[in-house]
Amino acid sequence: MFDLNDQIIKWRSSLAESQTLERSDIDELEGHLREEIEHLTALKLSQEEAFYVALHRLGDTGSLTEEFGKINGSVLWSKRLFWAAVGLFSYIIATYTAKCASAGFVVLAWLAGLRGYALGVLDTIAQVVFFLAVIFLLYEIGRRKDRRGELFCKVAGNLWGKFVLFAGVLVIIAVKLATQFLIPATVARLSVRQWGEMAIFRAYTELVWMIGMPLILLTALIFLRPSEPAKTGTAP
Amino acid sequence: MAVSKDLVAASAAPLVLSILAEGESYGYAIIKRVCELSAGRMEWTDGMLYPVLHRLERQGLIKSFERISEMGRKRRYYRLKKKGTETLAKQRSEWMLVYSTLKQLWEKEPCLI
């Protein structure tokens, strides 16, 4: 049995595979295809016949992706670079926030009387929790309000936005510097043995991080590989 | 008689701009208009119109906007911008020059046609 929506989904994913067409381009072509199919079925063609005739008139996937590639090629790469930069920036923000927060916790815990391994454990937990929290927060903002990067583009394109971004980076650096000096000032009062215990724990967690991070990234690369979702944009 | 591929490609931009000069329109309707004007003799591969439209938009000659069609479907419309009108006028005089030049030559030897 011929299922038009099913066929259109397949056709969409074959167009999406080349990555030279943007989602909105495919939506526009689908609108055209559907309108032509309606026109042809009104001329007494079956839905299946109409689909193939309309597809033939629209042009084969190879030449469509080639033509779109000519105009979208450079845009595609600047977009990829843009998102790579957004990713890197998010990573830096998450790392800095996690380090600053954990440093604060360590100082508070030390004032509360915790020592040695306990400080190391607290330091690690705080870093992991804050790192994940910031990544999750940025991901949520991106997913809900900013599917195409419009928010980031708007902020980066606006004079005030640029100022806020710049000021934000300065604040992060200032906090980082402050904690960098705060920690030695605190640990200078720890005994060498206690400092050693904390450092050993840190070394182990860093080892886990160094092995875990590439594995997480690899998994993300495999699972987040761009593919056309099985959903049509203008399905009736 | 079909028009050669090169000529179709060369005339695509002025054709699209001229159709949009009649009023805003969208891909499918533009294709139908070309078909109607040429009595079906200028055959475009439908999909090739869209890269042309997007290129014209990037050059700042036309502007696209989305609107819900009468069928309740989201559709991308295009409208001519001021720069597009100016470009069209320039292209028009170029095409008229080519046309009048060829015409003078061809009218001398009508047997060739």
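Two residues are in contact here if their C-beta atoms, placed from the backbone, lie within 7 Å. With that in hand, let us walk through the model.

This is a predicted model, in which local features need pLDDT of at least 70, side-chain atom pairs count only at pLDDT 80 or more, and totals for chains, interfaces and linings use all residues. Residues are numbered from 1 along each chain as its sequence is written, while chains are lettered from A and ligands numbered from 1 in the order in which they are written.

**Chain A as a whole**

Chain A has eight helices and zero strands; helices (H or I, at least four residues) and strands (E, at least two) are DSSP runs, numbered from the N terminus. Of the contacts in chain A with a separation of 6 or more, 72% join residues 24 or more positions apart. Buried residues make up 19% of the 236 residues in chain A, where buried means that 20 or more other C-beta atoms, placed from the backbone, lie within 10 Å of the residue's own.

| Helix | Residue at the bend | Angle |
|---|---|---|
| α4(A) | A:Asn72 | about 60° |
| α8(A) | A:Gly212 | about 25° |

In α8(A), a proline, A:Pro214, follows the bend within four residues. This helix, residues 192-223 of chain A, has 32 residues and reaches 45 Å from its first C-alpha to its last, close to the 46 Å expected at 1.5 Å a residue; the expected span is 1.5 Å times one less than the number of residues. α8(A) is hardly covered, with a count of one buried residue among its 32. As for α4(A), it is followed by A:Gly113, whose phi is positive, near 110°.

**Where chains A and B meet**

The contact takes 15 residues from chain A and 14 residues from chain B. On the side of chain A that touches chain B, α2 (23-42), α3 (47-58) and α4 (61-111) each supply at least two residues, and α2(A) gives the most, with six residues.

**A helix pair in chain B**

Helix α1 (residues 5-21) and helix α3 (residues 49-58) of chain B pack at an angle of about 70°, with their axes 10 Å apart. α1(B) and α3(B) are therefore roughly perpendicular to each other (65 to 115 degrees). B:Ala12, B:Ala13 and B:Val16 of α1(B) make the contact with B:Val52, B:Leu53 and B:Leu56 of α3(B).

Notes: Bend = angle between axes of the 7 residues up to and from the residue. Buried ≥ 20, exposed ≤ 12 C-beta atoms within 10 Å, placed from the backbone. Axes fitted to C-alpha atoms, helices over the stretch in contact; angles between N-to-C directions. Parallel < 35°, antiparallel > 145°, perpendicular 65-115°, else oblique.
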